[in-house]
Amino acid sequence: MLRLLSFALFLVIWWIAAFLVGGAKLPSPPAVLQVMIAEASSGALFLHLGATLARVALAFTLAMSLGSAIGYLMGRVKLADRLGDPWLILLLNLPALVVIVLAYIWAGLTEAAAIAAIAINKLPTAIVTMREGTRALDRSLDEMASVFAMPRWRAFRHVVLPQLAPYIAASARSGLSLVWKIVLVAELLGRPNGVGFEIGVAFQLFDTPRLLAYSLTFAAVVLVIETLLVQPFEARANRWRPRAA
Amino acid sequence: MRLEVDITGKTFRSAAGGTHEVLAPVKFALQSGEVGVLIGPSGCGKSTMLRIILGLDHDFAGHIARPPEARIGMVFQEPRLLPWRSVEQNVRLAAPGVTDGKLSELFRILELDAHRSHYPGELSLGLARRVALARAFAVEPDILVLDEPLASLDDALAGRLRDEIATLVASRPVMTLLVTHSLDDAVRLGDRLFFLSPRPARIVAEVPIGIPRDTRGETEIAAIKASLAQRTQGDRIERDVS
């Protein structure tokens, strides 16, 4: 209820601001809604949104699985940590734009280049989070699993994974928000479709209603995915913790 | 089945670079059906010895002969339950072969029936200890290791749990290794007592107890304790173990 109220307040402020600044710079909510409906009924909105979501899904999955595996290895094996650390620092500090531009130059303006560039941007933070999680693993529980001769997979699933779950959730959440931002840049620079591409077009035409229509739809989708997917996963991962009074 | 422990030494390198001797040469053996008790002052190296016997620590000099197929059930000093799994899941994960009947019986003996679906975070220390006991017995161990299972429990509860341990140990042929610093627990549960010196630990006395556990009444227990006190310069051991 409070959330709805807060959202309504946002609309009201927007409307007043639009009235004050004028429709050319900030179109009113109904004007944007109109563009949304037009784009949706022509199918273009779903096409671009779908293209962007597919890229996000692929890049996110790639970066999360690879990053988690590398992070776990670096947390467990000292040698891997020593070898990987300089690379990690380099990747962490490499600006997203550099990665995207280089990927397009080296691999051409292809889908693979775009997805790889997005994934590489997310990879180092996934590694760092998972490495911290692995370092924080409870040794005494490892010993327990070893004394009771639990098979490797069972021990990983029931002893290790639940301890990593909060880190995976944190990594997914921060990673997703990073990927949402970077995917638009990658699309703007070198893809013929997607929300980023549409925003680029709208920018060139100074078509603010179109720009807002696409960005707001995109933001809404992000919000839905956050509440329906990421938050329930976090809640599930933490369900055994005694609730705060 | 027989467990032979022959540790010739264990040193520990401190962060400052010095070496500390944790264990002096320690040698003993245990048979199936026997309850061996390692009894010694806090910090004498009992836990280190256990870790070596359990194969968790390979950095020592000597040899441990333990049947490789022996199933181990262990009660750690702190319960070491998985906080994200329920009581029943905790037991079943360690003992996937346990039957429903056997599990119900264990939960009944240890009075855990009402707590099957609780998470360890919702349990008191006494209850968590009992879950750890249930887990150790559910695997139907060949070797049962109990590391101070009754520490920091009140006397009444400790007494009841001790009786339960005695019942469970008697119910199947198992080799038990109990670590404690309580002479009372040692005399009530043990068949053979190994008195350890302060760090670096070595065995200062090995005392078999002839009277079978189930016929030991309060008078016998008091007599054993008195003779122990006499035999091993009483006050020194009493001081070490209390």
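Below is a chat about a predicted model with chains A and B.

Visitor: Hi! Before we dig in, what does the model score on ipTM and pTM?

Guide: Hello! This is a predicted model, and its scores are ipTM 0.84 and pTM 0.79.

Visitor: Good to know. How many helices and strands are there in chain A?

Guide: Chain A has 10 helices and 0 strands. Following the sequence, the pattern reads α-α-α-α-α-α-α-α-α-α. The C-alpha trace of chain A spans about 70 × 55 × 30 Å along its principal axes.

Visitor: What does UniProt place at residues 49–229 of chain A?

Guide: The UniProt record, an unreviewed entry, puts "domain: ABC transmembrane type-1" there. In the model, residues 49–229 of chain A are 89% helix and 0% strand. The end C-alpha atoms of that span are 18 Å apart.

Visitor: And which residues of chain A does the "transmembrane region" annotation cover?

Guide: According to the unreviewed UniProt entry, residues 47–75, 87–106 and 211–233 of chain A carry that annotation. Let me take two of those spans. Residues 211–233 of chain A are 100% helix and 0% strand, with end C-alpha atoms 32 Å apart. Residues 87–106 of chain A are 90% helix and 0% strand, and there the end C-alpha atoms lie 20 Å apart.

Visitor: Let's talk helix packing. At what angle do α2 and α3 of chain A pack?

Guide: Helix α2 (residues 29–42) and helix α3 (residues 44–76) of chain A pack at about 80°, and their axes are 4 Å apart. That angle makes α2(A) roughly perpendicular to α3(A).

Visitor: Nice. Which residues of α2(A) and α3(A) meet?

Guide: From α2(A) come A:Met36, A:Glu39, A:Ala40 and A:Ser42, which meet A:Ala44, A:Leu45 and A:Phe46 of α3(A). Sorted by class, this contact of α2(A) with α3(A) has 5 nonpolar, 1 polar and 1 charged residues.

Visitor: Over to the interface, then. How many residues of chain A are in contact with chain B?

Guide: There are 14 residues of chain A in contact with 16 residues of chain B. On the chain A side, α7 (139–147) and α8 (152–190) each supply at least two residues.

Visitor: Which of the elements gives the most to that side of chain A?

Guide: That is α7(A), which gives 6 residues to the side of chain A that touches chain B. By class, the chain A side has 9 nonpolar, 3 polar and 2 charged residues.

Visitor: What's in the loop between α7 and α8 of chain A?

Guide: One residue to look at there is A:Ala149, which sits in that loop. The phi of A:Ala149 is near 55°, a positive value in a residue other than glycine.

Visitor: Let's switch to chain B. What is its mean pLDDT?

Guide: The mean pLDDT of chain B is 84, and 95% of its residues reach 70 or more.

Visitor: Which elements of chain B have the lowest and the highest mean pLDDT?

Guide: The lowest belongs to helix α8 (residues 235–241) of chain B, at 49. The highest is 94, for helix α2 (residues 87–94) of chain B.

Visitor: Which residues of chain B carry the feature "domain: ABC transporter"?

Guide: UniProt, in an unreviewed entry, places that feature at residues 3–223 of chain B. The span is 31% helix and 26% strand, and its end C-alpha atoms lie 30 Å apart.

Visitor: Into which domains is chain B divided?

Guide: Domain 1 of chain B takes in 2–70 + 143–241, and domain 2 takes in 81–141. Their C-alpha centres lie 25 Å apart. The contact between them takes 13 residues from domain 1 of chain B and 11 residues from domain 2 of chain B.

Visitor: Which elements give two or more residues to the domain 1 side?

Guide: On the side of domain 1 of chain B that touches domain 2, those elements are β7 (143–147) and α5 (155–170) of chain B. α5(B) gives the most to that side, with 6 residues. The residues of the domain 1 side divide into 9 nonpolar, 2 polar and 2 charged.

Visitor: Last one: where is B:Pro200?

Guide: B:Pro200 is in the loop between β9 (192–196) and β10 (203–208) of chain B. Check the backbone there too: the peptide bond from B:Arg199 to B:Pro200 is cis, with omega near -5°.

Visitor: Great, thanks!

Key: Residues are numbered from 1 along each chain as its sequence is written. Chains are lettered from A and ligands numbered from 1 in the order in which they are written. This is a predicted model: local features need pLDDT of at least 70, side-chain atom pairs count only at pLDDT 80 or more; totals for chains, interfaces and linings use all residues. UniProt positions are given in the numbering used here, feature names are shortened, and annotations may be inferred rather than shown by experiment. Axes are lines fitted to C-alpha atoms, for helices over the stretch in contact, and angles run from 0 to 180 degrees between N-to-C directions. Angles under 35 degrees count as roughly parallel, over 145 as roughly antiparallel, 65 to 115 as roughly perpendicular and the rest as oblique. Two residues are in contact if their C-beta atoms, placed from the backbone, lie within 7 Å. Ala, Val, Leu, Ile, Met, Phe, Trp, Tyr, Cys and Pro count as nonpolar, Asp, Glu, Lys and Arg as charged, and the others, Gly among them, as polar. Domain bounds come from an automatic or database domain assignment. pLDDT is the predictor's confidence in each residue, from 0 to 100.
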